[in-house]
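The exercises below ask you to read an interface and its surroundings from a structural model. Please work through each task before turning to its solution.

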Amino acid sequence: MLRYVALKTGRAAFVVWAAFTLTFVLLFVLPANPVDLLFDPTELNTVPPEVREQVADNYGFNKPVLLQYADRLGHALTGDFGSSVQSGRPVASAILDVLPETLLLSAGALVLAVLAAVGIALVATSTRRAWVRNVVEALPSGAVSVPVFLSGILILQVFSFKLGWFPAFGDDGPRSIVLPLITLAIPVAGPIAQLLVRSFATEFHSGYVTTSWAKGATRGGIILRDVLRNASLPALTIAGITFGNLIAGSVITETVFARKGIGRLTQNAINTLDVPLVQGIVVFVAVSFALINLFVDLIYPLLDPRMRAVVEAQK
Amino acid sequence: MKIERIGMSDLRSSIEQSAPTRRKWPWIAGAAVAVLLVAGIGLAVGRGGSSAEASDDGTPVRGGTLQFALIDYQRSPDPQWGTNYAESLIGNNITDKLTWQDPDTGEITPWLAQSWEYNKELTQFTFHLRKDVTFSDGTPFDAAVVKANFDQYVHGDQKLGINPNGASLLPGYLGTDTPDQYTAVVRFAKPLASFLQASSFTANAQPGFLSLSTLKLSSAERADPKKIIGTGPFVYESWEQQVKTVLVKRAGYHWAPASIKHQGEAYLDRIVFNTIPEASVRTGSLVSGTIDATLDVGTTDEKPLADKGFTIISRGVSGTSIFFNFNSQLFPTNDIAVRKAIQLGWDRDAITKTVLTDSYSVATSVLAPSVSGYADYSGSVLKYDPEQAKALLDAAGWVPGPDGIRAKDGKRLTVKLLGISNLVVNKPAYESVQQDLTKIGIDLQLSVVPIPDYTAQVAKAKTDWNITAANRSRNDPAVLNLAYGPQLGNASFLTADSTGIDVAEVSATLGKLELTLDPAERKAAAKAAQDLLLEKYALVSPIYNPAQVIAHADYVHGIIFDAQSRNHFVDAWKSDGK
């Protein structure tokens, strides 16, 4: 068991380090100079060289690349990612400042998405009408195929501009989070629902269900008591993908609804080649990603006895 | 509110209409007519009501909050820093400048400086300051403040993490002397006629005055808007990165520029600058009444908004037009015949009709018409004359190939252009030029890319790109020297061995713009500079004049576009005062 934990933890640490190094390399391989992006692009050729030098010095961009890497890595280990090139604020506080907004949005969207996905799977499994099943089973692919951008704007047109039920932008109070929640939940619900529909169908035709039938259990009872429990477990395995969907979706949702958050911060940091900020965000996301996967890896044997047997056997 | 209600009835009627049955249609039509009638009456009553309150005589109403929308957000509340519109626009309303450039005449007029004089060499500018100006924390505005601001603005402060934001606006700045409390003498190493205009500059990284306590703050500490103290008509209430900035009026303000007729406190109690990146959300919010006004109105949104009763106001960006700068070193734009053929080879009417709105115009010089010294070249080289363009190319030995594209000594007439996609008009305008040039045998290849990619490519422009397409915002003819001066921007990459170009002549002609402030002499210098760039050496083909466009509700009044096309709200008011 200890070896299993050590292995998984080591892999998580490697992922975070690799993410840090890769962004560093990418940002330095990119042709644009981050210092140039601090000036008005149309006035670039009139910026005196000594000014450019002074600005580069301010951010340590003049040091040898390897030294910069070591310097940044050393500081990063203590949680210090330096200051944003664009705003001058410490990276950690820039991220922490917008983090609650994104957490609230993604946690809410996740709950909504899971409820919707379970609902879809339950309806698809329990219905006896083939056409209802077909319609419901088509929903997840639909949810995955509609771009967040489009669904966001459509939702806004109807519920904000036409009906005036919810504010169109900003984050004043709970009413303003409703539309972003729905927008973000749609693409996140898609893959979960697809997986659940499939595993519900598989479990529904497995041996223990036949036994339950034989014992005289009702259709509803079987689905809720036996199938739901066993079929939900695989959804955990795509927790990483779900997290990725939440992050990607939040970039667009936050932009369409003009909310502050990690997504918009990321987009802006990349557009302006804000090296320290991009690195801070990437490491933050990588750490979250690694932690989620680690958590799933560690908790899975506890939930699924079959996995426990595999882990025991490895000892 | 009224508008919202109309929106709902529209939807209701459309829902009703969406389930028609044949027998019911007369009834539905009747209902629709009734709904429309009610809506129309509601609108008329609403309008009538508001215009009655709005005091048709134009007497401003005090009070109220203006909800304003724009694309960008302020990355820091520090106004001396910043490269986007949100940053410069908000900076203009919390700080003041030494002088005010009249947006109509281009004349430099008094503001925080009551009067000024300069030496004959234009290396020393003496400003006599107003004595009644205070910062919002009560401290006085005086010569020491001017010195401290300019020093930090030009040199930056490494310890505080402050960049030299003003170094490119004030090249050769030596220092500021303070012979008495209200006199500031700004000294330069070289003549700098354009400094007078720079003292009024309201665009990116502007010289707006901050209190001594603000200047002592590090860049991180300047993230607290309450600590950013200016002398302007508004003060910060809050700043929420990515979301909004809220300003409230400064009590006791009474030093707005004399050419704004209203010098006293702002009429509005509060302005909320909402950042809304999505165009459809900005216009939707305006139409639904959530916001009162929005900047960054797209060309395709102007007419629909005007049809709905919203007012469109705009001002052309002062400085250069959007230009095609030719690389004078690189084949084939090192051939003056090619440069001249491009100037003549595209149809101005086509762009006006298909791409531009009334807020924009086709360029008739490299300077925008609002810049003093502008001259009109639409009668000479900046006109569509494909026959003359072909004749020029024929004479220079460019022979049409099998696909219609010309070649000379086996080399195709392919011209590579690098542009920025930040303005929506750019790409369609360039594509229109591209189509026309193909007809005369020039293959114009477009790379119109986002800002970071553009920035990366500009570094290689000398060897890789025949044309760079951009503009420069600076309402002073010396912008030509900044952009094209061989020792400065050198946008055409002139060197001693540029084919057929006398570089010394270009340096001298453009440099003259910094040597005089005499209006007649400056006008002559500006004309000479334009003659050289457009006619004699054909170093640039100006395309169109960009504009800043605002759409606002009919109850909003008095939004000012200044000489740099940034907005001031000291004179703005709402009819309902809410």
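The following exercises, each with a worked solution, concern a predicted model.

**Exercise 1.** Describe the extent of the interface of chain B and chain A, and state which elements of chain B contribute to it.

*Solution.* Begin with the residues in contact: 55 residues of chain B meet 48 residues of chain A. Next consider the area, for which chain B and chain A bury about 4300 Å² between them, with 58% of it on carbon and sulfur atoms. Then turn to specific pairs, where four residue pairs are in polar contact across the interface, both residues at pLDDT 80 or more. On the side of chain B that touches chain A, the elements giving two or more residues are α1 (2–18), β8 (234–240), β10 (270–275), α7 (279–287) and α13 (451–458) of chain B. The largest share, six residues, is that of α13(B). Sorted by class, this side of chain B holds 25 nonpolar, 24 polar and six charged residues.

**Exercise 2.** Find how many salt bridges cross the interface of chain B and chain A, and name the partners.

*Solution.* The rule finds one salt bridge across this interface.

**Exercise 3.** Decide whether Gln242(B) is buried or exposed, and work out which residues of chain A it touches.

*Solution.* First locate Gln242(B), which sits in the loop between β8 and β9 (244–249) of chain B. Its relative accessibility is 1%, so Gln242(B) counts as buried, the limit being under 20%. Leaving aside residues up to four places away in sequence, the contacts of Gln242(B) on chain A are Val98(A), Arg259(A), Lys260(A), Gly261(A), Arg264(A) and Leu265(A), while on chain B they are Tyr73(B) and Thr275(B).

**Exercise 4.** Compare what an unreviewed UniProt entry lists for chain A with the secondary structure of residues 103–124 and 177–197.

*Solution.* Under "transmembrane region", the unreviewed UniProt entry lists residues 12–32, 103–124, 144–165, 177–197, 233–257 and 277–300 of chain A. Residues 103–124 of chain A are 100% helix and 0% strand, with end C-alpha atoms 31 Å apart. Residues 177–197 of chain A are likewise 100% helix and 0% strand, and their end C-alpha atoms are 29 Å apart. Finally, Val178(A), in helix α7 (residues 175–204) of chain A, lies 73 residues from Leu105(A) in sequence but 9.3 Å away in space, C-alpha to C-alpha.

Key. Residues numbered from 1 in each chain as written. Chains lettered and ligands numbered in written order. Predicted model: local features only at pLDDT ≥ 70, side-chain atom pairs only at ≥ 80, totals over all residues. Heavy atoms only, no water. UniProt positions renumbered as here; feature names shortened; annotations may be inferred. Helix = DSSP H or I, 4+ residues; strand = E, 2+ residues; numbered from the N terminus. Contact = heavy atoms within 4.5 Å. Buried area = accessible area lost by both parts, 1.4 Å probe. Salt bridge = Lys/Arg side-chain N within 4 Å of Asp/Glu carboxyl O. Polar contact = N/O pair within 3.5 Å; in protein donor to acceptor, adjacent residues only side chain to side chain. Nonpolar A, V, L, I, M, F, W, Y, C, P; charged D, E, K, R; others polar. Buried < 20%, exposed > 50% of the residue type's maximum accessible area, 1.4 Å probe, protein only.
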